[in-house]
Amino acid sequence: MIKLVLTDVDGTLTTDRDTYEIDLDAIEILRLLEKRGVKVGLVSGNSYPVLRGLYTYFNFHGGLVAENGCVVYYNNNMVKVCEEIDKNLALEFEREFKVRNSWQNEFKYCDLSFTPPLLPENMISWAKERNLYIKTSGYAIHISRSLSGKGIGVRKLIELHGLDKSEVLGIGDSNTDIEFLQEVGFKVVVGNGDKEVKKIADYITFNKSGKGVVEIITKLLRGEING
Ligand SMILES: O=C(O)COP(=O)(O)O
Ligand SMILES: [Mg+2]
């Protein structure tokens, strides 16, 4: 039985993959799910302060994973599970590829992000040479020292809940969600998600982003998903 639903934010809880506009129907149905006893948590590449704010005001209780797996928060405890990144790397990356530092980098410890979200081969080789994780979420390019991405934080959060992965349903949209979804029992990808992450999905929604969340949570509430 599913006891925890973890959801990505950008591209998943938004109305589409090219906007920051939160889909309010998705938030409403996730709140209803919590009323029925299933906790909801956030798993994202965003910084801890941004996610903690969203989490508080969404009124979710399943905890959160920030910075693509590096920061975990549950029940008033915040833990960093990755090695900190040297912020000079941001300057080097910015100069080398003429990208823009995210305004959130100032508030980050382990994972740095840059725009535009395009990831050419030479960036991948740059990261490989330095043994760094590099991926694009469709919103930003992310670099960190943790090669396991969102997976390490998700594993920790599930452990803090004392749950088995079979009791967790995860929803995502991009290739940065591959490591996340590998850690949960039931993997959902929204209809407009990346091709590669769709390959590991147990369920691909017919609808895009937030309306895809509404679709899968409706099924869960109806008892149509057996984790
Ligand atoms: O931080 C990003 O680039 C995207 O965030 P996400 O992990 O919630 O999609
Ligand atoms: Mg996303």
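A polar contact here is a pair of N or O atoms within 3.5 Å; within protein, one must be able to donate a hydrogen and the other to accept it, and residues adjacent in sequence count only if both atoms are side-chain atoms. With that in hand, welcome to the close-ups. This is a predicted model, in which local features need pLDDT of at least 70 and side-chain atom pairs count only at pLDDT 80 or more, while totals for chains, interfaces and linings use all residues. Residues are numbered from 1 along each chain as its sequence is written, chains are lettered from A and ligands numbered from 1 in the order in which they are written, and side-chain values use heavy atoms, with hydrogens and water left out.

**View 1. Ligand 1 and its surroundings.** Around ligand 1 (heavy atoms within 4 Å) are Asp-8, Val-9, Asp-10, Ser-44, Gly-45, Asn-46, Ser-137, Tyr-139, Ala-140, His-142 and Lys-150. The side chain of Lys-150 has an N or O atom 2.8 Å from an oxygen atom of ligand 1. For Ser-44, a polar side-chain atom lies 2.7 Å from a ligand 1 oxygen, and for Asp-8 the separation between a side-chain N or O atom and a ligand 1 oxygen is 2.9 Å.

**View 2. The annotated aspartates.** Under "binding site", the unreviewed UniProt entry covers Asp-8, Asp-10, Asp-173 and Asp-177; such positions follow the numbering used here, feature names are shortened, and annotations may be inferred rather than shown by experiment. These residues span 170 residues in sequence, yet no two of their C-alpha atoms are more than 11.0 Å apart, so they gather at one spot. From this set, Asp-8, Asp-10 and Asp-173 belong to the lining of the largest pocket. On a 1 Å grid over the protein atoms alone, a pocket is an open set of points where a 1.4 Å probe fits, with protein on both sides within 12 Å along at least five of seven lines, and lining residues have an atom within 4 Å of a point.

**View 3. A closer look at Asp-8.** The unreviewed UniProt entry lists Asp-8 as "active site". Asp-8 sits in the loop between β1 and α1; helices (H or I, at least four residues) and strands (E, at least two) are DSSP runs, numbered from the N terminus. Asp-8 is buried at 4% relative accessibility, where buried means under 20% relative accessible area (1.4 Å probe, protein chains only). Its side chain makes a polar contact of 2.7 Å with that of Thr-12. Leaving out residues up to four places away in sequence, the contacts of Asp-8 include Lys-150, Asp-173 and Asp-177, contact meaning heavy atoms within 4.5 Å.

View 4. Asp-10 lies between β1 (4–7) and α1 (24–35) and is buried at 14% relative accessibility. Beyond four places in sequence, Asp-10 touches Tyr-20, Asn-46, Tyr-139 and Asp-173. Asp-177 is in the loop between β10 (168–172) and α6 (178–181), buried with a relative accessible area of 0%. With the four-place limit again applied, Asp-177 touches Asp-8, Lys-150, Gly-172 and Val-197.

**View 5. Strand β11 and helix α8.** Val-189 is in strand β11 (residues 186–189) and is buried, at 0% relative accessible area. Helix α8 (residues 209–221) has 13 residues and reaches 19 Å from its first C-alpha to its last, close to the 18 Å expected at 1.5 Å a residue; that expected span is 1.5 Å times one less than the number of residues. Among the buried residues of α8 are Val-213, Ile-216, Ile-217 and Leu-220. Elements covering the buried residues of α8 include β1, α1, β10, β11 and β12 (203–204). After α8 comes Gly-223, with a positive phi near 80°.

Methods: Buried means under 20% relative accessible area, exposed over 50%, partly exposed in between (1.4 Å probe, protein chains only).
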